[in-house]
Amino acid sequence: MKSMRPLALAALASVVLGGTALAADSFKFAVVPKAMNNPFFDLTRDGCMAEAAKLGNVECIYQGPVEHEPATQSQIIEDLITQGVDGLAISVSDTAAATTVIDKAVAAGIVVITFDSDAPDSKRSAYVGTNNKEFGKALGEELVKLKPEGGTYGMISGGAAAPNLAERVDGVREALQGSKWTEVPGSPTFSNDDITLAVQQAGDLRTANPDIAAIVPVGGWPLFAPDGWKNFVDPIKADVDSKKLALVVADTLPVELQLLKDGYAHALVGQRPYEMGEVAMQTLLKLKKGEKVDQIIYTGVDRVTSANVGDFLK
C-alpha cells in the first residue's frame, strides 16, 4: 500500500462540461473513480461527458484521486458534499470508508449511486456496472475452454478492500471448482491498481511457480503498460504461443485488444466503462427528478479471443 499523501499533494484533477452557468433546472453530477491514472476510468469519463452534453441540463464533474488511495477518495467525496453537488456516482475503493461518506451525502440531500464497484449496505440508490461475480466466472470459464487439462494458476487483483475485485476473485474460483485447475499459494496478489506493480507481480508469480499454467489478472492493469507486459512475455513467448502458459485477462481497452491480436494474451473478458458513464448520468437525472430506477443496472460484458478480436478493434 502506498502511504497516504496530504490532499494538497495528491494532484487532484477535475473535468467539467463547458464553462457557462447552469440554468435553474440543471444539475451538477460528479463521477468519482477509484484512480484517475487508470485508463479504464477515462472511458467512464468520456461516457459521462458525452451523455451530459446530450442531456443538455447536466454538468459532469469528473474528480478522484490520481492513484488508488481510499482515504483520498473519501476526502474528495467529503469536499463534493461541501460544494453541494446534486448527485454522486462513485466507484468504491473501500466499502467501509465509502459507506460512511455515501450515507453522509444522502443525509445532505444528494442523490448517490455507485458504478463499477458497489457499497450495497450503504444508502446509495442504485449500482451501475458489471455483475462482478459473473465477470469472474467468465474469466474462469474462458480459462477452462482454453486449457481443459488444467494446471496451476494465479490471479492478480487490485485493491484488497475493493468489493468488486473480491467478487471477481470469488467468481474465478467458483468457475474452476471441480475442474483440473489449482490455485497457487499467495494468489491473488494485490497490485493496488498500480500498473507497473501488476506487471512485476506477473513475473513474481511465474518465478515463485515455474510450472504455473495460467495467470489471470482480474483487472486489466498489467496490460495497461504494453511495453512492460511485452517485456514480461517475450522471454517466455514460446510457452505463451503453445498455451503452456495461458493468459486470460480482464477488460478490453484498445491497448489490450491489440496485445491480444499480437499474441500477448489468449482471452479477454471486458466491461463497458463508457456505458457506465452514460447510464450514471441518466440514472442520477431520473433520481433527481423523483423517478424510480432499478437498484441494480448491469451494463454487460464482452468475451474476446483471437477469433473475434478484429471485430472489437474496428
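User: What should I know before reading any values?

Analyst: This is a predicted model, where local features need pLDDT of at least 70, side-chain atom pairs count only at pLDDT 80 or more, and totals for chains, interfaces and linings use all residues. Residues are numbered from 1 along each chain as its sequence is written, and side-chain values use heavy atoms, with hydrogens and water left out.

User: How many cavities of 30 Å³ or more does the structure hold?

Analyst: Two. A cavity is a set of points, on a 1 Å grid over the protein atoms alone, where a 1.4 Å probe fits but cannot get out. Grid points are joined across faces, edges and corners, and a volume is the space filled by probe spheres set on the points.

User: What is the volume of the largest cavity, and which residues are closest to its centre?

Analyst: The volume is about 110 Å³. The lining has 14 residues, and Asn38, Phe40, Asp116, Arg168 and Trp221 are the closest to the centre. A lining residue has an atom within 4 Å of a point.

User: Which elements give two or more residues to that lining?

Analyst: α1 (39-55) and α5 (163-176) do. The largest share, three residues, comes from α5. Helices here are DSSP runs (H or I, at least four residues), as are strands (E, at least two), numbered from the N terminus.

User: How does the lining of the largest cavity divide by class?

Analyst: Four residues are nonpolar, five polar and five charged. Ala, Val, Leu, Ile, Met, Phe, Trp, Tyr, Cys and Pro count as nonpolar, Asp, Glu, Lys and Arg as charged, and the others, Gly among them, as polar.

User: And what lines the second largest cavity?

Analyst: Arg206, Pro210, Asp211, Ile212, Asp239, Lys244 and Leu245. That makes three nonpolar, no polar and four charged residues. The volume of this second cavity is about 40 Å³.

User: Now the open space. How much lies in the largest pocket?

Analyst: About 210 Å³. A pocket is an open set with protein on both sides within 12 Å along at least five of seven lines. At least two lining residues come from each of α4 (132-146) and α8 (237-241). By class, the pocket lining has five nonpolar, four polar and five charged residues.

User: Back to α1. What is buried there?

Analyst: Phe40, Phe41, Thr44, Gly47, Cys48, Met49, Glu51 and Ala52. Buried means under 20% relative accessible area with a 1.4 Å probe, protein chains only.

User: What sits at the two ends of α1?

Analyst: At the start, a side-chain oxygen of Asn38 comes within 3.0 Å of the backbone nitrogen of Phe40. After the helix comes Gly56, with a positive phi near 85 degrees.

User: What about α6? How long is it, and what caps it?

Analyst: α6 (residues 195-208) has 14 residues and reaches 20 Å from first C-alpha to last, close to the 20 Å expected at 1.5 Å a residue. The expected span is 1.5 Å times one less than the number of residues. Asp194 caps the N-terminal end, with a side-chain oxygen 3.1 Å from the backbone nitrogen of Thr196.

User: Which α6 residues are buried, and what do they pack against?

Analyst: Ile195, Ala198, Val199, Gln201, Ala202, Gly203 and Leu205 are buried. The buried residues of α6 pack against α1, β7 (151-157), β9 (189-190), β10 (214-217) and α7 (226-233). Contact there means heavy atoms within 4.5 Å.

User: New topic. Which residues take a positive phi without being glycine?

Analyst: Asp116, at about 70 degrees, is one of them. Asp193, at about 60 degrees, is another. Most residues other than glycine have a negative phi, and most peptide bonds are trans.

User: Where is Asp116, and is it buried or exposed?

Analyst: Asp116 is in the loop between β5 (111-115) and β6 (126-129). Asp116 counts as buried because its relative accessibility is 3%.

User: And Asp193? Where is that one?

Analyst: Asp193 is in the loop between β9 and α6. Asp193 is buried too, at 6% relative accessible area.

User: Where is the cis peptide bond?

Analyst: The cis bond joins Ser187 and Pro188, with omega about 0 degrees. Pro188 lies in the loop between β8 (181-183) and β9.

Key: Buried < 20%, exposed > 50% of the residue type's maximum accessible area, 1.4 Å probe, protein only. Polar contact = N/O pair within 3.5 Å; in protein donor to acceptor, adjacent residues only side chain to side chain.
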